[in-house]
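Colleague: I would like to go through this model with you slowly, and ask at each step what stands behind the words. Please show it first.

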Amino acid sequence: MMKFLSKVVRFFIKCMHCVLSVGPIPSHIGFVMDGNRRYARQNKLKQVAGHEASYFSLMSMLIYCYGLGIKYMTAYAFSIDNFMCRPKEVQSIMDLMTEKFELLCRKDIFLNGYGVRVHFSGNLQLLP
């Protein structure tokens with residue numbers, strides 16, 4: 001997982017240098033969280049491990065965006081198409097999402113100092 005995170009960080013830094021070299025820092029960046037199962041398969045991991053790695057990558061990006069002064073970040077993390085996956089995988093993703101959001105809501109987590117606000121959109125009745 002550290003190898004994956006290292007690659008993501010290096011890629012993000014390169015992207016930020018490109019952005020910074022052409023003009024002002026954007027106020028909003030969006031990320032599409034895709035390829036988690038593919039990453040897990042390529043690294044011979046359980047599928048949920050790919051989603052776990054994606055979460056840590058997103059947290060790293062949040063910190064970098066904050067450090068660069070980017071005010072808004074959008075993560076497209078679960079589409080309606082994901083519900084077509086095996087029920088066991090959907091449940092493991094929902095369990096992981098619940099676990100991570102409960103963790104983020106704790107008062108002693110460093111993200112509280114960043115003033116993070118989470119907004120869910122879409123058909124929320126499908127979420128646990």
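What follows is a conversation about the terms used for this structure and the values behind them.

Modeller: This is a predicted model, in which local features need pLDDT of at least 70 and side-chain atom pairs count only at pLDDT 80 or more, while totals for chains, interfaces and linings use all residues. Residues are numbered from 1 along each chain as its sequence is written, and side-chain values use heavy atoms, with hydrogens and water left out.

Colleague: Why is lysine 100 called buried?

Modeller: Buried means under 20% relative accessible area, exposed over 50%, and partly exposed in between, with a 1.4 Å probe and protein chains only. Lysine 100 has a relative accessible area of 8%, so it counts as buried. The residue lies in helix H4, where helices are DSSP runs of H or I with at least four residues, strands are E runs of at least two, and both are numbered from the N terminus.

Colleague: What makes glutamate 52 and lysine 100 a salt bridge?

Modeller: The term asks for a side-chain nitrogen of Lys or Arg within 4 Å of a carboxyl oxygen of Asp or Glu. Between glutamate 52 and lysine 100 the N to O distance is 2.9 Å, and both residues are buried. Because glutamate 52 lies in helix H3 and lysine 100 in helix H4, the pair ties together parts that are 48 residues apart in sequence.

Colleague: What makes the phi of lysine 44 worth a remark?

Modeller: Most residues other than glycine have a negative phi. Lysine 44 is a residue other than glycine, yet its phi is positive, near 55°. Lysine 44 sits in the loop between helix H2 (36–42) and H3, and its relative accessible area of 77% is why it is called exposed.

Colleague: Which residues touch the most other members of the largest nonpolar core?

Modeller: A nonpolar core is a set of buried Ala, Val, Leu, Ile, Met, Phe, Trp, Tyr and Cys residues joined through side-chain atoms within 4.5 Å. The largest one has 13 residues, of which Phe12, Ile29, Phe31 and Cys65 touch the most other members. Helix H1 (2–22), strand E1 (28–32) and H3 each give two or more residues to this core, and the largest share, 5 residues, comes from H3.

Colleague: Why is alanine 53 called buried?

Modeller: Alanine 53, whose place is in helix H3, has a relative accessibility of 1%, and therefore counts as buried.
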